[in-house]
Amino acid sequence: MALRDVLLKRIAQAIVTIFIVLGIDFVIFHILPGDPMTFLARNPNLTEVAQERLIEQFGLDKPLWEQFILFLGNFLSMRLGMSFHFREEVGPIIMHHLGNTLILVVPASIMAIVVGIWIGKNSAWRRGKAGDLFGLLFSLITYSIPTFWLGMFFIMLFAFGLGWFPATPGLTTPGMDFTGDPIGLIVDMISHLMLPWTVLIVAILGSFALITRNALLDVLSEDYMLTAKAKGRTEKDQLNKEAMPNAMIPITTVIALQLGFSVAGALQTEVVFSYPGIGNLIWEGVYYRDYPLLQAAFFMITVVVVFANLIADFIYFYLDPRIRVGAEFTIGDEKPPRPLSHYGFVVIAIVALLSTWAVIGITTILPLFILLLILKRKAVLVFLRNRLSTLTPSNLIYAWKNKRSQILVRFSVIALLVNLIALSIIAISGVFIPEWGLFWGAAFFGLREFPPIPASVEYPEWALTLASIAHPSVMQIIIVILTIGVLLGKRKSLGATSSRFIKTRMGTVGTAIVVMFAGMTLFGDIIAPYNPEAFFTGLWYQPPDVMPESQMLMLSVGAASLIGATLVWWILDRFKRPEIPRYFINILSGGLILFIAGIFGMQSLSVENTTTLIYSASIGVIACVIILKGLLSARKEFSLQQSWKIHLPRFLIALVGVIGVGFIVQGILQAPWVVSLDFPGYHLMGTDQLGRDVYSQLIIAVRITLLIGIVATGMSVVIGTLIGLIAGYYGGIIDSFLMRFTDIFFVIPSLLLMIIMAAVLGPSIVTLIIVIGLFSWSSTARIVRGQVLSIKERAYIERVRAVGGSNIYIIGKHVLAAVAPLVVANTILVTAWAILSEVVLDFFGLGDPAMISWGTMLYLAFNAGSMSNNLWWLVFPPGIMVVLLLLGVSMVGYAMDEIANPRLRRR
Amino acid sequence: MSSSQIPGGQPLLKVSGLKVYYHISQGVVKAVDDIDFTVNCGEFVGLSGESGCGKTTTAMTLLKILPREGVIEGGQALFNNRDILSLKKKEINAFRWQEISMVFQGAMNSLNPVHRVINQMINAILIHEKMPREKAKEIALELIESVGIERSRATAYPHELSGGMKQRLMIALALVLHPPLVIADEPTTALDVMIQAQILDLFKQLRQRTSLSLLIITHDLSVLAETCDKIIIMYAGKIVEEAPTEILFNEPAHPYTKKLISSFPSILADKEIDFIPGNPPDLIDPPAGCNFHPRCDYVIDRCRAESPPLVDEGGHRVACFRRNEI
């Protein structure tokens, strides 16, 4: 394919993308509860005349397809409708704001790309050394900071605190007249723009640095880099003249795809700085539920991003001689597509529908699922029989003798099947008997009654039984047991992986942070001194109290011993040293866990909380097992007198460090409890505008964040993996179709889409989960597809095919197993993204108002004017928590990637 | 056919006691463990052995392009009486390609895909020698012609060339500075037989026209038989046998060499293909005594206890206690 054809193809794709965006736009605003007619009529902001004009322009009284055609016509001719809030034509408003946004985004993006590439380049070149660690850490931290929070922080520090920049919102100082003074205007504008620019640059720079590092690491392992080195090129030339031109090719595409990310950053920056751009417009649109405005803003931003992408594509083709010179142009190693069985079509249909299910509604999957069951009834029966046959006594005895964990797995698989069958019966009945569907819907999404049937309605016995079997909590318990069984079965290989994981320092630190947050989730009830939702536990805006002296002492002793131990350890480390024995780590970490479990146990006893007592007891037992294992293996090696002598000094140092950590933990945990809690009470982190304790809110909010993050991630990873598997495995038309589809989701600024969807659907946890889950699968799909492409050509896959394995069997048993490590690593990174999205959505006021979350806390703090009133205790703690959690999660993800990713392992 | 007499040159490269270990998370891999050999001026030397026995590591050590994990633990590599291993960082860049150049394993990917072939060659010249670009271009073009590729193809990008052309261009790239020694790492592997023949022919021409020394690394013994004066056989990081080509093929003395030669299929003779049972040893934890003893048919107790020294008997060096018995 010649260059011209490729470019034409890209332009055609861009046009298709714009049409699809229009489609999404149309659909989103038609799934509003109630039809748009009544919705318009209810809106008091619009005059009778304006309403009629709207109805006529968009044909709101006509059938849906006519409306769609009218809508297309209107939008393509830039007639974007009437704003509810401004009561004007949307088009001019948007164009005006779009200009301002571009002034903000374009210079900041260029700067961020330049600096980001520079950081990533240096990081990759020094892989594994101090410089890399610094660059990677810096990128991860900036990537983890929610942009809006960074903005708030900068405003408090540089505008209100130090007074370096004007604190007045907007692009120019209000009330000043610059007519006939263009230089004064420009100076004023730049002084207003400096802070937003800086915030945006810092916010998006990290992701560019990470992209560059990854791309360059790929290139550095290529053979021609060895040639370059052998030729005697200086290091600088090797990097800049040989590696970078190659790396720039993938970097350009990925950066182009990330432009949506910059847009999302810009939206947040604008809101915080009250900058008159599209972001602020969207903020207002969300606040006033001004749907025409949102609809049009989404359309315009996407069009801009699509064009930016197109430009990047042209640059890309210019950079890559393989395309520029007019050679054969292929994406990846394109092989002839797999022959399709009818399975293929069904699966694809499901996937296509899965990805649009928010638009069409969950119930649409069910008929398809039933269809699949009927079509494949024989296979289903065989499947069920196979599951059951593992329960015959002889089979069980065999399993007991050879692999005990299998028994756990088998029983839980059957329980899960029973649960799913019950669930499907309920769901099917829900489709045919709508009021049933309502009950079930209520039951599964929120009402926590068990069984979930309102008491006022009498239902037969069997329905109650069915409801209990099908209940999600049963499913959760089964899944936990299943996971334990699988993990037990694989403990050897898991042990090997985890020891490699621990060796990457980043993994260790990340795990420690994540464990800390997990602890907060489990023990939140006994850590938080107040009920986080209780009003007036203290005064309004009560600033943080000083820590009690005893706790302060404990904290400083702990910190001193930890720092001292680390320093001594580090100095000892500089000499050649023997390998740290395993038991050494076991005993120390077990001891630390036991100590912390002990603190929690005591605390649970004193506040009489049985649940947390059970938690701490079981953690204590696990800690004891670890210590015991360590002691046992220590005794074995103890005969080597020498080894003990060598390790003793370091053991003592480590012990001091561990005790230090224990002191710190205890100092912080018990600080609020040793002082009186009566009104106005002691508040470690002050109180908010309703007198609620910030510290308690902070602790309890972890739960909601983790819940949304994990569930949404699960959803997006399942969708992404499925699409990636099918696209990569089947190839051909399906591949191009699915990948174009994925690209579209890549290009559309997903955060913006999430904001708009959530605004339309109304704030609730379920909305957040669905919206985040639906729009963050594209990266997973791409990564999985790439891996599948290389795996499916391996000889062993051909072997399975020759033996007679079906496509589904190959995908499930062999391809999926091979991509699993990569999926796991990617899952963790998607989790970070989901949490970040959740925080941003909360900040836009789209979180569940009844739930305490960090984003909502920041939203309230922002609206309470905490920046100008210097209420720093409302702003800093939630933001720091978010950054810390995200940092921990992404560090774990990066460490996993280092282990799982074949292209990094190769070196 | 290979010539039987050894060209009487001065030793160009003299490696002695070279040890290269890889320090990886699983332990220390003794990839090259105490090897000695020489390459004389104008001599073609073959280095052979199973995969993973340290051939490529040896070559990479000579150019000091080992990966970060590879550490030179000891030894000397005298090149024109200068020790390569003790060169400073600045000297090393001037040394590479000027004195020793290398044709890499898998030359398909050894040319940078975003630069034109001719530019890559010109660059290699300009890095080391101050001359006008035009002159460098002329030198490069002449070389390209001499490896049998038309001048008009010089401005192509690597992806526009066939595998054989890329390999020949890679050889041309290695020759641009007329270095005294070229190392060719698996120059014919992964090429089809016809292209292999082209490459071998090219080597033979070079041999006739220039005073070049060549160290060919390959596991394909037939390539060595065609081109080399002297062959070194390595096993598990050590040299087990070294002899002039004819002697090595006619009277192999080490059991490993015997097996290696007899496991090679012949097109014409209807001979039984032999194989070597077992795998090469784990280089992290090599067996005590002779590295080859677990797979050797002639093993005696002494082999299990002591490592046999490399004994020179009239230019035929063998590391085996029983070289004269078997």
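Figure 1. Strand 4 and strand 5 of chain B lie side by side in the antiparallel sense, paired over 2 bridges. As you explore this view, keep in mind that the model is predicted. One of the bridge pairs joins Phe79(B) to Arg82(B) in strand 5 of chain B. The hairpin made by strand 4 and strand 5 of chain B has 2 residues between the strands, and Asn80(B) takes a positive phi near 50° there.

Figure 2. Strand 1 (residues 11-24) of chain B runs antiparallel to strand 2 of chain B, and 11 bridges join them. To find this pairing, look for Lys19(B), whose bridge partner in strand 2 of chain B is Asp33(B). Strand 1 of chain B is also joined to strand 4 (residues 70-79) of chain B, here by 8 bridges, and these two run antiparallel as well.

**Figure 3. Chain B as a whole.** Stepping back from the sheet, you can pick out 10 helices and 12 strands in chain B. Its C-alpha trace spans about 65 × 50 × 40 Å along the principal axes of the chain. Why can chain B be compared with a compact globule? A compact globule of 326 residues would have a radius of gyration near 20 Å, and chain B has 20 Å, which agrees. Of the 326 residues in chain B, 44% count as buried. Among the contacts in chain B with a separation of 6 or more, 65% come from residues 24 or more positions apart.

**Figure 4. Where chain A touches chain B.** Here 19 residues of chain A are in contact with 24 residues of chain B. On the chain A side, helix 9 (223-230), helix 10 (235-257) and helix 14 (321-324) each supply at least two of the residues that touch chain B. Which helix of chain A gives the most to this side? That is helix 9 of chain A, with 6 residues. Sorted by kind, the residues on the chain A side are 7 nonpolar, 4 polar and 8 charged.

**Figure 5. A bent helix in chain A.** Helix 8 (residues 182-220) of chain A has 39 residues, yet its end C-alpha atoms are only 50 Å apart, short of the 57 Å that a straight helix would reach at 1.5 Å a residue. Follow helix 8 of chain A to Leu193(A) and you will find a bend of about 35°, with a proline, Pro196(A), following within four residues.

**Figure 6. An enclosed helix in chain A.** Helix 30 (residues 694-730) of chain A has 37 residues, which should span 54 Å at 1.5 Å a residue; its end C-alpha atoms are 53 Å apart, in agreement. Helix 30 of chain A also has a kink of about 30°, centred on Ile700(A). Why is helix 30 of chain A described as largely enclosed by the rest of the structure? It is because 30 of its 37 residues are buried. Just after helix 30 of chain A comes Gly731(A), which takes a positive phi of about 65°.

Note on methods: Residues numbered from 1 in each chain as written. Chains lettered and ligands numbered in written order. Predicted model: local features only at pLDDT ≥ 70, side-chain atom pairs only at ≥ 80, totals over all residues. Expected span 1.5 Å × (residues − 1). Bend = angle between axes of the 7 residues up to and from the residue. Contact = placed C-beta atoms within 7 Å. Nonpolar A, V, L, I, M, F, W, Y, C, P; charged D, E, K, R; others polar. Rg over C-alpha atoms; globule rule 2.2 N^0.38 Å. Buried ≥ 20, exposed ≤ 12 C-beta atoms within 10 Å, placed from the backbone. Pairing = 2+ DSSP bridges.
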